[in-house]
Amino acid sequence: MKKISAKHILSSKLPEQLQDVPALLDAEGVAFTAIDTNNWAADFPYTPKVEFRIAHTGQSIVLNYRVTEDSVRAVAADDGNVWEDSCCEFFSVPAGDDLYYNIECNCAGHMLIGCGPERENRERATQQVLDTVRRWSSLGCQPFEEKDAPAVWQLVLVVPVSAFYNHHITDLSGKTIRANFYKCGDKLRKVHFLSWNPIDVPSPDFHCPKFFGEVEFER
């Protein structure tokens, strides 16, 4: 099982303009980690280059994805089928129970959040909850059909602890949670399903909390 540490940064350092977050994380020495496990390579051999890095302020999780792939697509709106687009995902179990959250965001910053103990019958976040998650994409925020990708694109998410809407979490500092990070594109020309921590099931399925790794949030 893989483990990663999320650096604690002061909330006062978090820039108002999220396009400045990558520079902040550079200055704080927060390194990228690869999302490069192709669990189903026999059926879906394409493996784009995908990296993420994670930090936190205590009350928010800061995520920065960096992607190099052949094409991009951003058709879905908030609470739509964002996984069919060029999509980065963060699944986690933020408390000591069996509920996990799936936070999925396409390359135009449109997202969904779900919660539940298994794949089926998940409770979707309201638009009010989605609006609390700050987002920035280097590709902009307008929907578009599939097109050739730029050399590299980036996504920044600032997820407040209140986005874990079925729990009352006040501070992540010092906590360790189970999580996994993904990249997919179910309707791209080159379909792909990549994970950070390996998933040992026969066909693509990200809803597998027993294969989550660990994220330790620094104090």
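Q: With which residue does the side chain of lysine 187 meet in a salt bridge?
A: The model is predicted, so local features need pLDDT of at least 70 and side-chain atom pairs count only at pLDDT 80 or more, whereas totals for chains, interfaces and linings use all residues. Residues are numbered from 1 along each chain as its sequence is written, and side-chain values use heavy atoms, with hydrogens and water left out. A salt bridge requires a side-chain nitrogen of Lys or Arg within 4 Å of a carboxyl oxygen of Asp or Glu. At 3.7 Å, N to O, the partner of lysine 187 is glutamate 84.

Q: How many residues apart in sequence are the parts that lysine 187 and glutamate 84 tie together?
A: Strands are DSSP runs of E, at least two residues long, numbered from the N terminus. Lysine 187 lies in the loop between strand 13 (176-184) and strand 14 (193-195), and glutamate 84 in the loop between strand 5 and strand 6. The parts tied together are therefore separated in sequence by 103 residues.

Q: Is glutamate 84 buried or exposed?
A: Buried means under 20% relative accessible area, exposed over 50%, and partly exposed in between, with a 1.4 Å probe and protein chains only. Lysine 187, at 48%, is partly exposed. Because its relative accessible area is 17%, glutamate 84 is buried.

Q: Which residue forms a salt bridge with aspartate 79?
A: The closest N and O atoms of this pair are 2.7 Å apart. Aspartate 79 counts as partly exposed because its relative accessibility is 34%. The partner of aspartate 79 is arginine 124.

Q: In which element does arginine 73, the salt-bridge partner of aspartate 85, lie?
A: The side chains of aspartate 85 and arginine 73 meet at 2.6 Å, N to O. Aspartate 85 is in the loop between strand 5 and strand 6, 12 residues from arginine 73, which lies in strand 5 (71-74).

Q: How many salt bridges does the structure hold?
A: Lys7, Lys13 and Glu28 are linked in a network of salt bridges. For the structure, the number of salt bridges is 14.

Q: What space lies in the largest pocket?
A: On a 1 Å grid over the protein atoms alone, a pocket is an open set of points where a 1.4 Å probe fits, with protein on both sides within 12 Å along at least five of seven lines; lining residues have an atom within 4 Å of a point. Grid points are joined across faces, edges and corners, and a volume is the space filled by probe spheres set on the points. For the largest pocket, this space is about 330 Å³.

Q: How many residues line the largest pocket?
A: Trp83, Phe91, Glu104, Arg119 and His207 lie nearest its centre. The lining of the largest pocket has a residue count of 17.

Notes
Helices (H or I, at least four residues) and strands (E, at least two) are DSSP runs, numbered from the N terminus.
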